[in-house]
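Here is a short report on side chains that meet. Keep the structure in view as you read.

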Amino acid sequence: MHIPPPMKSFITFLAILFLPAAAAAAISDAEVESALDRLDRELTQRDEYVKLRTHRLDSLKAELARPAARAGGLRPLELTMEIAKGYNAFNNDSALLYYTRGYDAARALAEAPTAAVSRAQADSLATEFRLRRACYLSMGGMVNDAVAEYSAVDTAAMQPGLLATYHDAGRQMFSYISTYYSDWGGTFDYWHNRSIEAQHRLLDLLPHGSEMQVLNEAEYYFSIREYSRSQQLLEALLTHISVDSPSYAIATHILAAIAITRGERNKHIYYLTLSAISDVRHATLEVTSLQELAALMFETGDKQRAHNYVTVALNNAVASRASVRMMKTSELLSIVEQDHNAQLALWRTWMYVIITILGISLLALLASLYFVRRQLRHVATMRQQLQTANAAKDVYISQFMTLCSIYMDKLKQFSKIVNRKISSGQTEDLYKLTKSGKFVEDQSVDFYKAFDEAFLHIYPDFLAGVNALLRPEERIVMEQEGVLNTELRILAFIRLGIEDTNRVAQILNLSVNTIYAYRTRLRNKFINRDTFERDILRIGTFPTPDDPHTN
């Protein structure tokens, strides 16, 4: 894009007048994030941009291969130059190859000029090919060859246009060589100063006010640390070019570098991002913006973006065959990868911790389910026992009511017998009847039968429970099914909570001493004499999961 000199002066005036205020405007975090998001989107399309650039190069190669292009004249050399330039910052090896082919073809044509191409034209093109080849020799790491090639060019009678190419090639070559010695202060300064000198000479040879002249002037002022003048020129230039301009990436990259000198971190990231976006859209692979941006993302803690950017930057460096870029990017990648691997190791550790916690939780859940199921079984057992107890209670009440009814009838019959005996004067018979005790004995037999039946209905496993507490040789066997002997009845009363010896003696129609003797003998038969009564009271109770007596 060519800007007329009057317009250039007007732009410069406006830049000096207004841009300092604009420059003071800070870049917000939101603007930075928006630019980074845009770059992320552009990176997803990078393969498409590469395909477009490759397609354009393939079209030029196809035209060069046509017979019409090889018929003679300058067109084959022009196409070769265009192809070589098309590989600039895209594939250095291919660029070097086509610059060499062009140089050889131009030299051959200079030695045998034709009517269509003069010796001067051929020499001029050969020199341009040679200068650009020297530049790309340095990019391939062949510093000595590059300097020798450049130094061999005679500038004595060189035309201004070709002299501009000479200094532009020198600027690029010396700048690139200086990057090899970034850690060697004196050597770096030597080559860097030669680059500045070449650029200073270039400025007077470029069309005044042109895009390239403004860009080189801004870069020159940056190199000599006149940052304000450089920034004014660049910001004015950015108002007239778009992201699709080849100069856009360079201009924004210099603005990012100026922001560093002023500690403007957001501006630094913002302009680097814009530069990287322009590089991606042009499929420019030999770049530093994305590499520097990856380092910044790493410093700010955005490790994911840092890893993505440095990976793309390394792929670009490999694809473009830029040795210095591969070296620098590899160093950064190593740092990012180490951190990335540390993050992965931390994530793996956390994953193992989470898996362990989940495993423990699962075991706890299974244990809980086991205990819940056990409790449910216990509740079901208790419910069944409760239903059985309720049924037994009903039977027991029914039997008790029946027994009471029988005793009432017996009492009525006995009262009638007593009344009849007394009224007929048979007192002697009445005395014999009561003295024999047969009446009481008969009633006791009925009572024991009813008691045994009701008790065994309520506690059907009572005998088994008692035998489990007795020593094996002392276990009790029922002589008649459903009928308790005296020992079992005493134990039954204990199970019912009737421990008063006098009351038990009255019920069983035995003496108190006899009851004591029975209890002592029974205690001696038990496996655990000390818990004799407690163990009896447990028979037939609802078991709990923690009860040691639960079967």
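## A salt-bridge network

Glu 33 and Arg 305 join their side chains in a salt bridge, 3.1 Å from N to O. A salt bridge here is a side-chain nitrogen of Lys or Arg within 4 Å of a carboxyl oxygen of Asp or Glu. Glu 33 lies in helix α2 (residues 29-43) and Arg 305 in helix α15 (residues 303-320), 272 residues apart. Helices are DSSP runs of H or I with at least four residues, numbered from the N terminus. Arg 305 is buried at 10% relative accessibility, while Glu 33 is partly exposed at 35%. Buried means under 20% relative accessible area, exposed over 50%, and partly exposed in between (1.4 Å probe, protein chains only).

Arg 305 also meets Asp 37 in a salt bridge, at 2.7 Å from N to O. Asp 37 lies in helix α2 and Arg 305 in helix α15, so this pair ties together parts 268 residues apart in sequence. Asp 37 is partly exposed, at 31%.

## Another bridge, and the total

The model is predicted: local features need pLDDT of at least 70, side-chain atom pairs count only at pLDDT 80 or more, and totals for chains, interfaces and linings use all residues. Residues are numbered from 1 along each chain as its sequence is written, and side-chain values use heavy atoms, leaving out hydrogens and water.

Arg 107 forms a salt bridge with Asp 123, with the closest N and O atoms 3.6 Å apart. Arg 107 is in helix α5 and Asp 123 in helix α6 (residues 119-139), 16 residues apart. Arg 107 is partly exposed at 33%, and Asp 123 is partly exposed at 29%. Shared partners join Glu 33, Asp 37, Asp 40, Asp 302 and Arg 305 into one salt-bridge network. The structure holds 28 salt bridges.

## Aromatic pairs

Rings of Phe, Tyr and Trp (its six-membered ring) pair if their centres lie within 6.5 Å; planes under 30 degrees apart are stacked, over 60 edge-to-face, and the rest tilted. The count comes to 18 aromatic pairs. Tyr 87 and Tyr 98 are stacked, with 5.9 Å between centres and 20° between planes. Tyr 87 sits in the loop between α4 (75-86) and α5 (92-111), and Tyr 98 in helix α5, eleven residues apart. Tyr 87 is buried at 7%, and Tyr 98 is buried at 10%.

Tyr 220 and Tyr 221 make a tilted pair, with centres 5.9 Å apart and planes at 55°. Both Tyr 220 and Tyr 221 are buried.

Conventions:
Helices (H or I, at least four residues) and strands (E, at least two) are DSSP runs, numbered from the N terminus.
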